[in-house]
Amino acid sequence: MIWVYNILLLLLSPIWLGIMWLKNAKRKEKIDWAERFGDYKIPLSTDRKRIWIHAVSVGEVMAARPIVEKVRVLLPEYEIVCTVGTGSGYATAKEQYSDCADYVFFIPIDLMRMQFNALQRVLPAVVVFMESEHWPNFMAIASQMGIRKILVNGRVSDRTFQRCKWFGWFLRLAVSQHDRCLMQTETDAERIKSIGGKSVEVFGNSKFDEALPTDPNLASKWREILKIPCDKKVIVIGSTRGEEDERFVFKALLQSDLEGVVVVHAPRHLERVEAISASVVENFGNVALRSKGETGNYILLDTMGELGEVYSVADVVIVGGGFANLGGQNILQPLAHGKPVIHGQFMHNFRDIAAAAMASGATQVVETPEDLSTSLERLLNDDAERNERGMAAKSFVMANAGASDRYAQAIVDEVRKFESTLKK
């Protein structure tokens, strides 16, 4: 079936190339087209002591970080090559992996020649895919080159699983070539098995480890950076996505008493900054841009890679992506800081985590802006409930930590298997 896939790729190339170009044109962070065509500036390695880790965008890059750090410690003699699929992912990887990865590139377009160029240049012992990345040509060529392939922190979303009815053959081309599929949950494991995954095991979610704060002084640090007075309460709004999501939150804020409250708002995509700024000025009078070092009662976090730490200053956190039918966003970072979280009902991309967090008492789900406004005011004014939910949040994350160690050890095991084949 690989030849069918490649014929379709060529026939549809004007469409998907056009979509790639348009998306890149809209985004603030641009992709490197030379790297997308497989032109990697990396020395040739004949000893195969490299590990290739692919994490498509910001969320996967951050989830992979504790795994990459542990692999670096366990295999110091190996170079780590990380690839991403988006400009924002690239910027995040360059910053977050500066001390634990040797190279960061964009993954090539999944055409055979381009994938061959990159794989031949890198010559890794093992390729590690994060979460839900499966590329048939990449997998086929890696298999021909004897490279071990492993899926870690694997998941199969509702949307992807539904699409299997129509495109299951496409997924099987790639999924069936993983040597191991290490999944987040039992549901993910059952789904990956049904589409051809083998050596399937449940290891947990590395995002719990990534979320754990390492600096106990983050809250005071960020209050000082953002110039937030000590007597002000703080609402942090994280990862809103698009107009519908934003309108929901704005409507709730307008119905709330924000006297003595500072709002810090971080959109999921920076291209929304201009539109959000206009809405804030229209509804609240003034907006302060973090990129310009400004401060005020409504601060727009128009920067990359800071939200995870900024959650530390919050009294209450609103996480976007679930107020409109978008699948939700990661709630673990604010929970790890011990913050009560409010989010929307459409969390199907994070269903298991969202359900477990709600059951633990750490989060609250709202369906209307009025519900969000009511919940906000209650939490801001009830210290006891806010502290109780915050303690539940931290306990929930701590109880589920540790998956990164298991994933890192699995990668080491695959490296040793590869090394044993070289000795034969």
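Predicted model: local features only at pLDDT ≥ 70, side-chain atom pairs only at ≥ 80, totals over all residues.

Me: Which residues lie nearest the centre of the second largest pocket?
Reply: The second largest pocket holds about 260 Å³ of space. Its lining counts 18 residues. Those nearest the centre are D188, N349, F350, R351 and D352.

Me: How is the lining of the largest cavity divided by class?
Reply: The count gives 1 cavity of 30 Å³ or more. The largest cavity has about 40 Å³ of space. Its lining is made of S132, H134, R155, V156, T160, L171 and I195. By class, these divide into 3 nonpolar, 3 polar and 1 charged.

Me: How far apart are the end C-alpha atoms of helix 12?
Reply: Helix 12 covers residues 242-254, which makes 13 residues.

Me: Which elements cover the buried residues of helix 12?
Reply: The buried residues here are D245, E246, F248, V249, F250, A252 and L253. Two helices are included in their cover, helix 13 (273-284) and helix 17 (369-381). Strands are included too: strand 8 (233-240), strand 9 (261-267), strand 11 (298-300) and strand 12 (316-319).

Me: At what angle do helix 1 and helix 2 pack?
Reply: Two packed helices are described by an angle and a distance between their axes. For helix 1 (residues 2-11) and helix 2 (residues 13-26), the axes are 5 Å apart. The angle is about 65°.

Me: Which residues of helix 2 meet helix 1?
Reply: Helix 1 brings L9, L10 and L11 to the contact. By class, the contact has 5 nonpolar, 1 polar and no charged residues. On the side of helix 2, the residues are S13, P14 and W16.

Me: Which elements do the buried residues of helix 5 pack against?
Reply: Helix 5 spans residues 87-96. Its buried residues are G87, S88, G89, T92, A93 and Q96. They pack against helix 4 (58-74), strand 2 (79-84) and strand 3 (103-106).

Me: Is L123 buried or exposed?
Reply: Most residues other than glycine have a negative phi. L123 is not a glycine, yet its phi is positive, at about 50°. This residue sits in the loop between helix 6 (112-122) and strand 4 (126-130). Its relative accessible area is 15%, under the 20% cut-off, so L123 is buried.

Me: How does S199 count by its relative accessibility?
Reply: S199 also has a positive phi, near 50°. It lies in the loop between helix 9 and strand 7 (200-202). Its relative accessibility is 43%, between the 20% and 50% cut-offs, so S199 counts as partly exposed.

Me: How far apart in space are I53 and L123?
Reply: I53 lies in strand 1 (residues 50-54). At 3% relative accessibility, it counts as buried. In sequence, I53 and L123 are 70 residues apart. From C-alpha to C-alpha, the distance is 13 Å.

Me: Which residues does I53 touch, not counting those up to four places away in sequence?
Reply: Touching here requires heavy atoms within 4.5 Å. With sequence neighbours up to four places away left out, I53 touches V68, I80, V81, C82, T83 and V128.

Me: With which residues is S57 in contact, leaving aside neighbours within four places in sequence?
Reply: S57 is in the loop between strand 1 and helix 4. It is buried, with a relative accessible area of 11%. Its contacts beyond those neighbours are T86, S88, G89 and R268.

Me: What separates the C-alpha atoms of N387 and I353?
Reply: N387 belongs to helix 18 (residues 383-399). At 47% relative accessibility, N387 counts as partly exposed. Along the chain, N387 and I353 are 34 residues apart. Their C-alpha atoms are separated by 21 Å.

Note on methods
Residues numbered from 1 in each chain as written. Heavy atoms only, no water. 1 Å grid on protein atoms, 1.4 Å probe; cavity = no way out; pocket = protein on both sides within 12 Å on 5 of 7 lines; lining within 4 Å. Points joined across faces, edges and corners; volume = space filled by probe spheres on them. Nonpolar A, V, L, I, M, F, W, Y, C, P; charged D, E, K, R; others polar. Helix = DSSP H or I, 4+ residues; strand = E, 2+ residues; numbered from the N terminus. Expected span 1.5 Å × (residues − 1). Buried < 20%, exposed > 50% of the residue type's maximum accessible area, 1.4 Å probe, protein only. Axes fitted to C-alpha atoms, helices over the stretch in contact; angles between N-to-C directions.
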